[in-house]
Amino acid sequence: MPTEMDAGARAAKGMAFTGAALGMIFLAATAAQLPADVVGHRVSAQRDTLRLFWPQGMQLFTDAAGREFIVAYHHDEPTGTFVPITRTAGDRDHLRGLDRGSYADLVRLLATVDELPAGHWQDCAAATVSDCAAAITSAPRARLNSYFSPEVPCGPTVFTAERPDGDRPARRVVRVAVADLQCAPR
């Protein structure tokens, strides 16, 4: 019949095993981050292969300072205002990244932008989309189907390609394209 001492000894052995396993995983993960001349080319090759499948190594998560971001704005032409259609994953509407709805918005945005003809993009180097008014009024308009959710307004829409502005958190507009989004039958 097992005693309390036996149960305590088994728990201690289990915790020791778990601690040793976690320690080995930590050492392996740390070694995999070292340069190839320290750990060898075999470990370096395994690390490079793993990075192909590890999400944080994918383009969505890397080189944010050098990437362009596509943003969609509903253009209220009478007032001249621009209301963002899509929000970033870290926006409070998406629970600071915990709600995966932002990924669906990203897919909808990219599906819509893929239909834009390349010639519809107009260069505009400005701090905000409002500063691109001249480029927006002279840009050709494409008629596109809206893939956005039903609560997103259809009609005049401006797509911008934006880049980070140096060390500041703000982004600068690089190009704009104008479209008339046709609401899908719902």
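**Entry 1: the whole chain**

I began with contacts, meaning heavy atoms within 4.5 Å. Of the contacts between residues at least 6 apart in sequence, 60% join residues at least 24 apart.

Before going on, I noted that this is a predicted model, where local features need pLDDT of at least 70, side-chain atom pairs count only at pLDDT 80 or more, and totals for chains, interfaces and linings use all residues. Residues are numbered from 1 along each chain as its sequence is written, and side-chain values use heavy atoms, with hydrogens and water left out.

Next I looked up the helices and strands, which are DSSP runs numbered from the N terminus (helices: H or I, at least four residues; strands: E, at least two). I found five helices and six strands, in the order α-α-α-β-β-α-β-α-β-β-β.

Then I checked burial: buried means under 20% relative accessible area, exposed over 50%, and partly exposed in between, with a 1.4 Å probe and protein chains only. Buried residues are 27% of the chain's 186. The chain exposes about 12,400 Å², with 61% supplied by carbon and sulfur atoms. Such areas come from the Shrake-Rupley method with a 1.4 Å probe, and for residues only the protein chains shown count as cover.

I picked E162, in strand β5 (residues 155–164). Is E162 buried or exposed? E162 is buried, at a relative accessible area of 5%.

I then searched for polar contacts: pairs of N or O atoms within 3.5 Å, where within protein one must be able to donate a hydrogen and the other to accept it, and residues adjacent in sequence count only if both atoms are side-chain atoms. The side chain of E162 has one with the side chain of Y73, at 2.9 Å, and one with that of R171, at 3.2 Å. Beyond four places in sequence, E162 also touches other residues, including R67, F69 and V173.

Rings of Phe, Tyr and Trp (its six-membered ring) pair if their centres lie within 6.5 Å; planes under 30 degrees apart are stacked, over 60 edge-to-face, and the rest tilted. I counted one aromatic pair by this rule. The ring centres of Y73 and F82 are 6.5 Å apart and the planes stand at 85°, so the pair is edge-to-face. Y73 is buried at 12% relative accessibility, and F82 is buried at 16%.

**Entry 2: the cores**

I looked for nonpolar cores: sets of buried Ala, Val, Leu, Ile, Met, Phe, Trp, Tyr and Cys residues joined through side-chain atoms within 4.5 Å. The largest has 15 residues, and L109, W121 and F159 are among those with the most contacts inside it. Helix α4 (101–114) and strands β4 (141–145), β5 and β6 (171–182) each give at least two residues to this core. Which element gives the largest share? Strand β6 does, with three residues.

Past its neighbours within four places in sequence, L109 contacts I70, A72, T86, F148 and F159. I found another core apart from this one, with 14 residues, including C124 and V178.

**Entry 3: T81**

My last stop was T81, in strand β2 (residues 81–84). T81 is partly exposed, at 37% relative accessible area. Its side chain makes a polar contact of 3.0 Å with the side chain of T79. How far apart are T81 and S130 in sequence and in space? They are 49 residues apart in sequence and 7.5 Å apart in space, C-alpha to C-alpha.
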